[in-house]
Amino acid sequence: MTDNEVPKGWWARQSSGTKGVLGVAGVCCIGIILIVIIGGILTPDTGTSSNSTSNTTTSSPSTPAVAAESESDYKASCKVISFKELEKNPDGHSGERVKYTGEVVQIMENYGISSIRMDVGSNFGDTIYVSYPGTTSAVEGSTITIYGVVDGSYTYTSQAGWEISLPKISAKYIVVGG
């Protein structure tokens with residue numbers, strides 16, 4: 001067989017113009033794939049929830065603006081639910097304003113948010129999980145009173161590998177020593 005008789009592959013039979021067009025198309029496809037992958041990494045999951053809320057108030061000239069609720073009015077609207085009742089059905093009490101006084105078992109503050117586990121009953125293990133959008137002077141062993149809204153239950157995995165669920169309160173106010 002001579003060189004002219006050797007069968008040529010598909011790529012070898014293409015002109016340089018066709019090869020150029022195919023090369024550009026391939027690079028564009030790779031670019032689109034990379035953009036989709038990076039977008040998927042940077043976009044939050046639809047299942048991810050955030051506890052932040054937007055308080056946008058619109059008022060027209062004919063409708064008077066509603067005054068913001070004072071701290072004392074908010075605190076007065078909070079009720080005490082027994083721990084046993086709250087533990088039995090935290091989702092059933094979701095959205096209710098509550099007040100609890102107890103001892104801080106653990107407190108962590110990250111990025112301006114406080115996460116607190118506190119005992120609120122006389123029995124060991126009468127523990128609730130409190131999320132507070134701020135920092136506090138409370139430390140482990142401090143007695144605090146929290147005023148907030150029941151947010152269902154909070155489940156986490158302990159260092160021992162146990163899955164633990166606690167009633168969750170989103171606190172609006174924390175009083176240390178009270």
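Me: How do the residues of the lining of the second largest pocket divide into nonpolar, polar and charged?
Reply: Rolling a probe the size of a water molecule over the atoms shows where empty space is left. A pocket here is an open set of points on a 1 Å grid over the protein atoms alone, with protein on both sides within 12 Å along at least five of seven lines; lining residues have an atom within 4 Å of a point. In this case the lining splits into 6 nonpolar, 6 polar and 2 charged residues, with Ala, Val, Leu, Ile, Met, Phe, Trp, Tyr, Cys and Pro taken as nonpolar, Asp, Glu, Lys and Arg as charged, and the others, Gly among them, as polar.

Me: Before we go on, what kind of model is this?
Reply: A predicted one: local features need pLDDT of at least 70, side-chain atom pairs count only at pLDDT 80 or more, and totals for chains, interfaces and linings use all residues. Residues are numbered from 1 along each chain as its sequence is written, and side-chain values use heavy atoms, with hydrogens and water left out.

Me: Which residues lie nearest the centre of that second largest pocket?
Reply: Gln-106, Arg-117, Tyr-156, Ser-158 and Ile-164, out of 14 lining residues.

Me: OK, backbone next. What is the phi of Tyr-111?
Reply: Most residues other than glycine have a negative phi. Tyr-111 isn't a glycine, yet its phi is positive, about 55 degrees.

Me: And is Tyr-111 buried or exposed?
Reply: Buried means under 20% relative accessible area, exposed over 50%, partly exposed in between (1.4 Å probe, protein chains only). Tyr-111 counts as exposed because its relative accessibility is 85%.

Conventions:
1 Å grid on protein atoms, 1.4 Å probe; cavity = no way out; pocket = protein on both sides within 12 Å on 5 of 7 lines; lining within 4 Å.
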